[in-house]
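Please look over the sequence and the structure shown below before reading on. The paragraphs that follow go from single residues to the whole chain and back again.

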Amino acid sequence: MSGARKKRKPKEQQTFASAAGQQSSETAGEDEEKLSKHRDGAKNRHGQSQVYTATKDTLFSQKTAQPPMHPFSLQRVFGMNLTLPVVSLQDQSQHIFLYGVGHFGIIFNHTTDSQHILQGHSSSISCMCVTENRRWIATADSGSPSMVIIWDSYSGIPVKTLFDCHPASGVAAVAFSGDAKYLATLGRNGCQSICIWDWTSDAQKPLYCTELNPKLGFQDYITFNPNDSTQVFSVGESHMFICNRTSGNKESLALETKSFMSPADSKVFAQPSPYPSMWVYSADRFPSRTTFDWRNHRLLKAIANCIGVWTINEVSHVRKISTKERITVLTTHDGLLMSGGMRGEIRFYDKDFTVVSCCEDFHQDPIVSISFSKDIPMPAYREECTLEEKPLVIRNFLVSTLSFKVIHVNTSGGTQTLLQNDDAPLHAVACHPSHPAVALGNQRGVLKLWDYNQKLISGIRVFEEEKHINCVAFDPKGRFLAVGFGTGAVYILDACTLQNNPDECFHCATDSIDLITFSSDSQYLATADVGKAVTVFCSQTNKDASPQWMYLGRYCYHNKPIKDLLFGVHLDSAQPRLLSLGSDRQLVEYDLKNSHKDKLLLLRSERIEQSAVPQCIVWHPPLNAEELLLVASDQYKMKLFNSKTLTCRKTLLGPTYGSPIKRILVLPKSKDAEMSSYHLAFITEDKLGLQILPLDGNPYKSTALICHPTGVSSFACSYDGKFLFTAGRSDSLVMSWRVNLDVLHAATALGGKDMEPFYSMLDGGRDGRFYREMEDFFYYCIIRHQGAAVLKRPNVCAKIPLSDIPDLVRALGHFPTEKELEDMQNEIKFSQFAETGKHVTDIGLEEFIKLYINHRPAFGISSEELVQAFHVLGKKEGTEVPVLLKNDLLELLQAEGEHMTEKEVAECFATLLQVNKNEGEEETHCEGNIIPEEISAETFTDHILGLPFRNAQSTSPPE
């Protein structure tokens with residue numbers, strides 16, 4: 001026992017010395033400059049990195065709060081990634097362990113119930129490992145390109161980042177060498193490769209790299225020979241690769257391939273499974289079913305309910321050990337072989353595969369991973385042992401299970417559940433309007449209330465009849481909690497007890513409930529379902545003065561999915577009003593006042609977009625003299641509409657962070673005098689963001705970060721605006737974020753004042769050619785209206801009439817529709833009408849630049865959009881390339897959308913094709929041989945419009 005301790009001590013000192021040397025080395029190269037902020041970001045009071053001085057107690061003993069460096073600070077993560085192992089870091093005075101969630105690593109201290117979150121990846125973590133002494137952690141992701149980060153577990157600081165490890169595939173497996181000096185990574189997809197890195201040096205390229213033959217199967221396991229750091233093993237379904245580093249060749253590895261699974265072996269191991277297919281599929285996803293017995297030079301692999309044993313040198317099949325249950329985990333430690341199975345049983349085998357111990361305390365819960373403590377307990381003697389037999393020594397260990405539990409097993413006796421997470425996707429989240437509580441509902445019908453100040457569950461209810469909780473909502477007074485289910489059912493619960501009156505369980509729809517919301521006076525509840533219908537419930541007072549909810553009515557107006565529901569208040573009557581926004585671009589208002597039981601009435605509907613698809617709607621805060629609605633679309637635009645007339649008042653460039661905004665919330669106004677403005681919180685496909693109001697198109701007034709790489713489904717804001725909660729789509733995760741508005745405002749100030757942010761959005765900036773052309777065109781418009789003599793006047797009115805806006809934006813290469821041009825002119829014309837009652841008739845250069853930037857397409861016009869139009873309108877006859885017939889094109893131009901007259905069509909084609917008007921009549925231009933009989937996207941772009949076109953895009957169908 002003492003000998004084992006003596007062996008670990010030199011390794012621990014050597015590893016720390018190597019990393020310390022790497023920390024003190026000077027940064028070199030561009031990539032090292034990127035890492036300097038990580039290396040020097042956490043320093044002690046003497047200016048020295050904490051990596052030098054940190055001990056195992058440092059991470060959770062830091063009492064001084066660090067000032068926030070980002071508008072969002074991740075406070076808590078609920079959930080776990082079962083495809084990653086749970087690793088024990090400490091289990092003596094404190095229970096501390098590592099696990100993965102999404103693109104974060106979590107170091108969890110069960111003793112203090114606190115998390116340290118390892119943030120740095122932008123894609124989901126695909127694998128991770130630790131050194132033998134548990135000091136260094138390596139996490140790798142599945143992105144393209146991928147990234148590997150090495151962390152100091154004592155301080156939580158990233159000490160090394162390896163960029164572009166496997167650029168095209170991501171990382172499938174990662175392993176440290178026995179001396180912790182080297183790191184091996186295994187590519188994930190396509191042609192896999194093995195790379196060996198000296199991570200303690202400043203190098204950003206691997207020492208050695210070799211590609212594997214894809215015909216020999218997918219490799220999912222990699223490890224170093226613990227006794228020889230020059231030898232790396234990777235294992236797949238049937239083949240094993242042995243990589244030997246040689247001193248004579250520094251560019252590649254000597255690769256040896258061995259087959260250990262013959263066709264005969266495959267038949268031996270092929271057996272039907274008695275377990276549910278879902279469990280079998282889940283078990284097969286876990287990578288911890290391959291291991292090596294280095295003392296006896298054997299490869300061990302779990303296949304179904306068998307353990308295959310092969311010798312490493314000869315790679316010959318030695319034996320097959322059968323068990324009663326399917327094996328999900330296989331590992332070795334201290335000369336013992338451990339297996340975990342589908343029934344929650346863990347068995348310990350000696351070198352002869354005799355069962356020496358067994359643990360069955362996991363209640364039929366399939367085992368996912370096993371991790372042993374680094375500390376060796378006192379030896380335990382079996383009753384039947386003799387003086388010659390060595391004592392049985394089994395370290396304490398951690399077990400993670402398929403039900404998202406982490407259990408600590410004390411081999412002296414007893415188990416303890418350290419962590420219990422939701423084992424189903426969680427899509428529903430809502431915050432209490434006046435208390436620090438958040439409601440979380442998952443797809444197995446479990447509803448929880450979590451107190452985010454006390455960090456404890458304050459209430460829970462499991463729905464037996466209904467499953468798949470899709471959405472939840474508190475009423476503004478905090479008395480009720482409405483729950484929408486995938487079955488179409490709606491339950492209205494008491495917000496404190498989570499119980500309900502049996503009469504307040506409604507089954508008015510058979511389609512899944514997607515949206516649910518209360519009116520501001522808590523008298524109405526509205527839902528929207530997948531069937532594109534809106535259902536409304538109302539509250540009535542019983543004889544005993546208690547409220548009673550009843551079904552009011554249901555209306556199906558939209559012909560495409562409903563994107564958002566919104567309650568408001570009529571300004572003239574203070575009565576509630578209800579709006580629904582659909583993918584059909586219709587904004588619908590319902591007549592709640594005149595509706596009665598079983599009859600929901602429609603008040604009006606308005607098409608608010610021509611081509612963009614609206615995504616969400618919210619009431620704009622009272623920053624203007626008129627009441628406005630804010631609508632975000634899939635074209636990265638945000639529009640303000642007058643709430644009465646539903647006319648567009650303003651169009652603004654919204655946040656552009658990879659995908660359009662899906663949901664918007666207005667944060668409660670901050671009580672801080674320095675933060676007197678309003679703020680928006682929003683989510684996109686995978687990001688959480690903040691936006692400072694009022695909107696003006698300034699890109700520096702918004703920020704966003706990746707919250708759920710696989711997709712975010714919903715989010716909610718706390719009653720005081722200090723916290724945001726996001727729910728993932730398929731990762732079963734919920735995250736709590738603290739909002740730091742002062743950091744957002746500081747970052748906004750760095751973008752410049754006044755017009756500086758807008759000049760930076762022009763090609764070349766204010767000193768570029770495009771700005772000079774814009775300025776020339778603008779002053780040409782002035783000369784055209786005021787005459788050339790204006791150049792000699794000392795005081796020139798540097799404004800142009802609104803009627804010149806269409807010609808000016810077209811001269812700059814932006815060709816809006818007539819409706820869009822009308823909106824641009826009306827935006828300026830009515831910009832001061834609510835305050836002054838007067839129209840604005842002209843516009844200055846700076847105001848025009850803002851108008852142009854906000855109205856032009858966020859990313860320009862791409863050829864993909866033209867290709868998509870031809871796939872929708874064209875025909876495919878004997879070719880994969882869609883084409884439009886000439887007559888069909890002319891008919892579409894004159895009959896659909898903002899249709900053109902025959903004269904306008906003729907003039908356009910004559911101009912585009914540079915046809916002399918004297919050559920013939922207008923009809924000839926359209927119907928002669930000038931226009932091809934069949935027009936493809938490439939012909940239309942290249943021949944008619946005179947723009948370049950890439951053939952690779954012409955055959956790709958739209959999504």
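Predicted model: local features only at pLDDT ≥ 70, side-chain atom pairs only at ≥ 80, totals over all residues.

**A walk through the model**

Cys 165 counts as buried, since its relative accessibility is 6%, and the cut-off for being buried is a value under 20%. A disulfide is a covalent bond between the sulfur atoms of two cysteines. How many disulfides does the structure hold? The number is zero. Cys 165 is in no disulfide, and the nearest cysteine sulfur, which belongs to Cys 195, is 7.5 Å away, whereas a disulfide is counted when two cysteine sulfur atoms are within 2.5 Å. Cys 431 is likewise in no disulfide, with the sulfur of Cys 717 as its nearest cysteine sulfur at 6.6 Å. Cys 431 is also buried, having a relative accessible area of 12%.

With these residues in mind, the reader may step back to the whole chain. The protein contains 17 helices and 60 strands, and of its 959 residues, 52% count as buried. Among contacts between residues at least 6 apart in sequence, 49% join residues that are at least 24 apart. The protein exposes about 44800 Å², and carbon and sulfur atoms supply 49% of that area.

A single residue shows what contacts between separate parts of the sequence look like. Tyr 221 is found in strand β14, which covers residues 219–225, and it is buried, with a relative accessible area of 18%. The C-alpha atoms of Tyr 221 and Thr 290 are separated by 7.1 Å, although these two residues are 69 residues apart along the chain. Which residues is Tyr 221 in contact with, leaving aside its neighbours within four places in sequence? They are Ala 173, Leu 186, Phe 233, Ser 234, Val 235, Thr 290, Thr 291 and Phe 292.

The next stop is a helix. In α13, which runs over residues 863–873, the buried residues are Ser 863, Val 867, Phe 870 and His 871. Why do they lie on the same side of α13? They cover an arc of only 100° around the axis, and so they are placed on the same side of the helix.

Ile 457, Ile 460 and Val 462 make a nonpolar surface patch of about 260 Å². Ile 460 has its place in strand β33, which is made of residues 456–462, and Ile 457 is in strand β33 as well. Ile 457 is partly exposed, with a relative accessible area of 44%. If residues up to four places away in sequence are not counted, Ile 457 touches Lys 448, Leu 449 and Trp 450. From Ile 457 to Val 438 the distance is 9.7 Å, C-alpha to C-alpha, and the two are 19 residues apart in sequence.

Finally, the backbone itself deserves attention. Most residues other than glycine have a negative phi, and most peptide bonds are trans.

Asp 164 is a residue other than glycine with a positive phi, near 50°, and its place is in the loop between β9 (157–163) and β10 (171–176). Ala 304, which is also not a glycine, has a positive phi near 55°, and it is found in the loop between β19 (298–303) and β20 (306–311). Are these residues buried or partly exposed? Asp 164 counts as partly exposed, at 45% relative accessibility, while Ala 304 is buried, with a relative accessible area of 9%.

Ser 144 and Pro 145 are joined by a cis peptide bond whose omega is about 5°, and Pro 145 is found in the loop between β7 (136–141) and β8 (147–152). The peptide bond from Leu 693 to Pro 694 is cis too, with omega near 5°, and Pro 694 lies in the loop between β52 (687–692) and β53 (702–706).

Technical notes:
Residues numbered from 1 in each chain as written. Heavy atoms only, no water. Buried < 20%, exposed > 50% of the residue type's maximum accessible area, 1.4 Å probe, protein only. Helix = DSSP H or I, 4+ residues; strand = E, 2+ residues; numbered from the N terminus. Arc of directions from axis to C-beta. Patch = residues over 30% accessible without salt bridge, like charges linked within 9 Å, V, L, I, M, F, W, Y side chains within 5 Å. Areas by Shrake-Rupley, 256 points an atom, 1.4 Å probe, with all protein chains shown as cover. Salt bridge = Lys/Arg side-chain N within 4 Å of Asp/Glu carboxyl O. Contact = heavy atoms within 4.5 Å.
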